[in-house]
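Hi,

Here is the structure I promised to pass on. Have a look at it first, and then read my notes below.

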Amino acid sequence: MILNSHSQWLPFSFLLLILVLTLSSKVHQSPTTDEGGHLRFGRAVLLAPQLVTDAQRMPVTALNAIPDLLLERFVPKASSRIRLFAARSVTAVLSCALAWLVFLWSKQLWGWRGGLFSLALYTFEPNLLAHARWVTNDMALSLFMLATVGSYLRYLKDPTKRNLVFCAVFAGCARIAKHSALVLVPVLAVLTVIHLWVQLPSDDRWRFIRAHVGFGIRHVAAFGFTVVLVINVGYLCKGTFHRVNLLDSFIEHPKVADNSFLREGGVVHSLIAPLRAFPAPLPSVYVTSFLYGVHINKRGEGHGPNYLLGTLSRWGWWYYYLVALAFKLPTGLWLLLALSAVETVRRPQHGPVVECALLLAPIALIILMSASTAQIGVRYVLTILPFLLVSVGRVVVDFQRRSRVYRSAVVVAVAWMVVSSLSFYPHYLSYFNELIGSRLNMYKILADSNIDWKQNDYYLEDYLRQNAGKVIHVNPEKPVTGTVVVNVNRLVGVTAPLARYDWLRSRREPVGHIGYSWLIYDIGSASW
């Protein structure tokens, strides 16, 4: 493998390829389960005089709503599919920005070759390609969390006000992308402790600590103020400094079936009710959506049943994401991650702060989401991938000096990843690596947004049109004979009673698929 360090055009070629793969593969993808709600809330941020809590929707999707509103205003005859394509394209642009950031950080750490290597891996990573196509907030969170940690390293190296503000702005953007950005607080705190520990002199330590206390307090206050400011700007200051609506708007929200945790006598109510007399420095919707998330997580609500390895659970499993990632990440990438881990131990090239920065955010996010009761897709930990791709850039440092076996292993791993990823085009959402065996076995391992997010309804329509003269039973309510087509979530009990399709799961194997999320069965006789 030869990477020419003078080929300055190569990064832009990879960015163009990302756009091509993303935009072309989403043309025939139907609206997914969550996109309508995200786009609706994004439009409300821009148009509604006052926001109301809509589950855990976040204002970053207002970016997706902009092209939708422009088409509505200037091209009123534009179809819903064209408008959705335009709204989704914003996420594709955010993905390119994230890819560029991966390139820049990897290049800074491992040189031009390392940066280009990380960018090339990003280009063909199927999970990133999949979620770069939807009107959701996962890609935005990934972008801003990587930017926050990267800029914080720059701040630790050069603690100027300018670097502090940049980091705080990125952290604020991450907070208006998704509430799980809260993991940045312990991650940045731990990085700070490690940095100070490394800098701590062997003598006169108390003087060193006292000299940094005042400086630290001022910068923490400035950081927090900037984050709060960004959050308010993200919501266009709607609901900021409201004295009364902090609880009322949420208690009366029609989508919340059980809001007793906010009513009189509840723990949250007793803590927050006294604050009604004071203006809240944050948008009320931001606060109530966070409380709503805490509430439904505690009760195992707000989502369908979790599914893993043929089992349903309301509360999930501590190992869910470990199993899901084992099957959802390309096998070639796993091999490269193993090589990267070995290189980190054998040939560390940076100090503990940098090495920990690449690991802390992924570990913290996996721990947080593993403790959550919403375990319905690897998209919840999608943010770990950019960090891992930056770290993997180290495997091509001094590449020409490595052994032939080492170089061959890297080439094979990359080729394996590229071929495996492209073989799923355009159905990247349903990607599984080779550990799955037959691709018809996916439903036995995972479901929900790992496979079936309603994204293939247009492909189902094409299939039915092509077989118009044939009797086809789509999601039958009871056992039938002939050709049966059923979507994965119904089959395994996520969106239908588990017993309804026991006659298919326990006695039959699918003979085909439509975009992997619709399974085709040929029922020749009534043997159930």
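Let me start with a question: is Phe74 buried or exposed? Phe74 is exposed, because its relative accessible area is 59%, which is over the 50% cut-off. Before you read too much into that, please keep in mind that this is a predicted model.

Together with Leu46, Leu47, Leu63, Ile66, Leu70, Val75 and Leu236, Phe74 makes a nonpolar surface patch of about 720 Å². Two elements give two or more residues to this patch, namely helix H2 (35-47) and helix H3 (62-74). H3 gives the most, with four residues.

H3 has another side to its story. Its buried residues are Ala62, Asn64, Ala65, Pro67, Asp68, Leu69 and Leu71. What covers them includes H2 and helix H4 (80-124). As for its length, H3 has 13 residues and reaches 18 Å from its first C-alpha to its last, close to the 18 Å expected at 1.5 Å a residue.

Now for the whole chain. You will find 20 helices and six strands in it. The radius of gyration is 25 Å, close to the 24 Å that the globule rule gives for 528 residues, so the chain is as compact as a globular protein of that length. Along its principal axes, the C-alpha trace spans about 85 × 70 × 50 Å. Of the 528 residues, 55% count as buried. If you look at contacts between residues at least 6 apart in sequence, 74% of them join residues at least 24 apart. The chain exposes about 23500 Å², and carbon and sulfur atoms supply 65% of that area.

On to the charged pairs. The structure holds 16 salt bridges, and here are some that I looked at.

- Asp398 and Arg347 form a salt bridge, with 3.2 Å between the closest N and O atoms. Asp398 sits in the loop between helix H16 (384-392) and helix H17 (404-422), and Arg347 in the loop between helix H14 (331-346) and helix H15 (352-371), so the pair ties together parts that are 51 residues apart in sequence. Asp398 counts as partly exposed at 35% relative accessibility, and Arg347 is partly exposed too, at 31%.

- Glu355 pairs with Arg394 in a salt bridge whose closest N and O atoms are 2.9 Å apart. This pair links distant parts of the chain, with Glu355 in helix H15 and Arg394 in the loop between H16 and H17, 39 residues apart. Glu355 counts as buried at 11% relative accessibility, and Arg394 counts as buried at 1%.

- The side chains of Arg500 and Glu477 meet in a salt bridge at 3.1 Å, N to O. Arg500 lies in the loop between helix H19 (488-492) and helix H20 (502-505), while Glu477 lies in the loop between strand E3 (472-474) and strand E4 (482-487), so the pair ties together parts that are 23 residues apart in sequence. Arg500 is partly exposed, with a relative accessible area of 25%.

There is also a network to look up: salt bridges that share partners join Asp34, Asp138, Lys178 and Arg379 into one.

Cheers

Note on methods
Residues numbered from 1 in each chain as written. Predicted model: local features only at pLDDT ≥ 70, side-chain atom pairs only at ≥ 80, totals over all residues. Heavy atoms only, no water. Patch = residues over 30% accessible without salt bridge, like charges linked within 9 Å, V, L, I, M, F, W, Y side chains within 5 Å. Areas by Shrake-Rupley, 256 points an atom, 1.4 Å probe, with all protein chains shown as cover. Salt bridge = Lys/Arg side-chain N within 4 Å of Asp/Glu carboxyl O. Buried < 20%, exposed > 50% of the residue type's maximum accessible area, 1.4 Å probe, protein only. Rg over C-alpha atoms; globule rule 2.2 N^0.38 Å. Contact = heavy atoms within 4.5 Å. Expected span 1.5 Å × (residues − 1).
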